[in-house]
Amino acid sequence: MNQTSSKTMLVPILGLLPLIMVLGNSMFIPLLPEVQAELQLTPVQAGLVLTVFSIPAAVMIPLIGFMSDRFGRKKMVLSSLALIMVGSLCSGIALYLHEASFSFLLFGRLLQGIGAGGTAPLAMALVGDLFEGRDRSQALGVLEVFNGVGKVISPILGAFIAVVFAWYGSFYFYFSLAAITFVALLVHLRASPLKSERRFSFKKYVSMIGSVLKREGKWIIPIFFTNGVALFLLFGMLYFLSFELEGVYDIVGMMRGVYLAIPLLALGIVSYWTGIFVGESVERMKQALFFGFFLIVMAFACLIYYHQLIGLLLFLSLAAGGMGLFLPAASTAVTSSVGKEERGFIVSLYNMVRFLGVAFGPVIFSVWMVNLTQMYYWSFFLALVSIFILTAFWSCIPFVKQCV
């Protein structure tokens, strides 16, 4: 097999890495009511099943690039997948440990989260190492396809596994997917040479991050904050919707997964369209950035007054569509407004903040759910504050001043 064919075969294998990262949380959202009932958990404890995965993953994201430069991409991605497999087995057998069930489930999810932090970021790094020019952009496009498909099918897949097997069957599926990817990469991925000129110390790495934040913080921090808030609201509302569908509307099984997939489908479709619409136009980036978050604010304002099932699905999908406009434009601002040498760790920090939003959404919403009226008001208030912060610091964003 020639080198070109080998690389072509490697692209869909690398695509499984962002898919694994997406499934790590989204697949388990429709399962939480069953987990809570069987293990006799409180809503906050059920939210921790998602959060204890997301926080370690978020922490690992800015570290994984540094570690892969030091120890090699292949070693780190295989180690990450191995941790996911061990964590999946721990979570899968937790039910049988009686008093220790919940603690062991969280321990397994913790290992999964640490491993997941080295999946999608390393997939992008490997594409950057192995491909150039048009081949690189096409390979990155494949990663985005796997990412988008994962967002849409994950709640349906989780619900399907729960119906056919049981909620803990999802952990064995997750183990199998990680194992298949592990073997495929072990066979098809060659160890990439370490880039010695980038092998600076951890102290130097932290110093560089601090220097960039000090210099560019006026625009980086607002962009980071608004991205974190957007994903906090989305995953918090999906967590709430999962319980609402079963407890209030008696929608269970596969249909619950389908309902949960509707906002994620809106996010995926609009994100894809935004990529085409924006292109290299600065003006269109600005339009997508502000109109997108404006839609988020309006959607949560509407939810205060109308939040029956149709309203929940309609306005949450509207908010997700707004995120489909806002998130790609914000990502373009971050990646295009810093130098090549700084882009790696700034993008890592950016993804860390986004993942922290995903992590804290379910836990905070599990507390807010006690008073639904206050939950909707708090959500609207947070979205409103975010758009004011974005507006206040808009003039500091570099792509406003110069063409990307």
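These numbered points walk through a predicted model of one chain.

1. Start with the overall make-up. The chain has 15 helices and zero strands. It holds 404 residues, and 53% of them count as buried.

2. Look next at α1, residues 3-26, where Leu16 is found. Leu16 has a relative accessibility of 17%. Buried means under 20%, so Leu16 counts as buried. Beyond its sequence neighbours up to four places away, Leu16 touches Phe146, Leu177 and Thr181. Val142 is 126 residues from Leu16 along the chain, yet their C-alpha atoms are separated by 9.9 Å.

3. Move on to Gln36 in helix α2. Is this residue, Gln36, buried or exposed? Gln36 is buried, because its relative accessible area is 17%. Setting aside neighbours within four places in sequence, Gln36 is in contact with Leu41, Thr42, Pro43, Ala46 and Phe243.

4. Helix α6 spans residues 120-130, and its buried residues include Ala120, Leu122, Ala123, Leu126 and Val127. Why do these five belong on the same side of α6? They cover an arc of only 155° around the axis, so they share that side. An α-helix has 3.6 residues a turn, so residues three or four places apart point the same way.

5. Pro121 also sits in α6. At 24% relative accessibility, Pro121 counts as partly exposed. Pro121 still has partners elsewhere in the chain. Not counting residues up to four places away in sequence, Pro121 touches Met21, Ile61 and Ile64. Met60 is 61 residues from Pro121 along the chain, and 9.8 Å separates their C-alpha atoms.

6. Now for a helix pair. Two packed helices are described by the angle between their axes and the distance between the axes. Helix α9 covers residues 202-247 and helix α11 covers residues 282-305. They pack at an angle of about 40°, with their axes 12 Å apart. The crossing of α9 past α11 is left-handed.

7. Which residues of α9 and α11 make the contact? From α9 come Ile223, Thr226, Val229, Ala230, Leu233 and Met237. From α11 come Leu289, Phe293, Ile296, Phe300 and Leu303. Ten of the contact residues are nonpolar, one is polar and none is charged.

8. Ala330 lies in helix α12, residues 309-336. With a relative accessible area of 0%, Ala330 is buried. Leaving out residues up to four places away in sequence, Ala330 touches Ile223, Asn227, Leu289 and Tyr350. Two of these names come from point 7: Ile223 of α9 and Leu289 of α11 both take part in that helix contact. Thr226, also part of that contact, is 104 residues from Ala330 in sequence and 9.1 Å away in space, C-alpha to C-alpha.

9. Phe28 counts as buried at 3% relative accessibility. Tyr174 is buried too, with a relative accessible area of 0%.

10. A second pair is formed by Phe365 and Trp368. This pair is tilted: 5.0 Å centre to centre, 55° between the planes. Where do Phe365 and Trp368 sit? They are in helix α13, residues 340-368. Being three residues apart there, Phe365 and Trp368 are separated by about one helical turn. Phe365 and Trp368 are buried.

11. Finish with a cluster. Which residues make up one aromatic cluster? Phe28, Tyr96, Trp167, Tyr168, Phe171 and Tyr174 form it.

Technical notes
Residues numbered from 1 in each chain as written. Predicted model: local features only at pLDDT ≥ 70, side-chain atom pairs only at ≥ 80, totals over all residues. Heavy atoms only, no water. Buried < 20%, exposed > 50% of the residue type's maximum accessible area, 1.4 Å probe, protein only. Helix = DSSP H or I, 4+ residues; strand = E, 2+ residues; numbered from the N terminus. Arc of directions from axis to C-beta. Axes fitted to C-alpha atoms, helices over the stretch in contact; angles between N-to-C directions. Left-handed = near helix turned anticlockwise from the far one by under 90°. Contact = heavy atoms within 4.5 Å. Nonpolar A, V, L, I, M, F, W, Y, C, P; charged D, E, K, R; others polar. Phe/Tyr/Trp six-rings, centres within 6.5 Å; stacked < 30°, edge-to-face > 60°.
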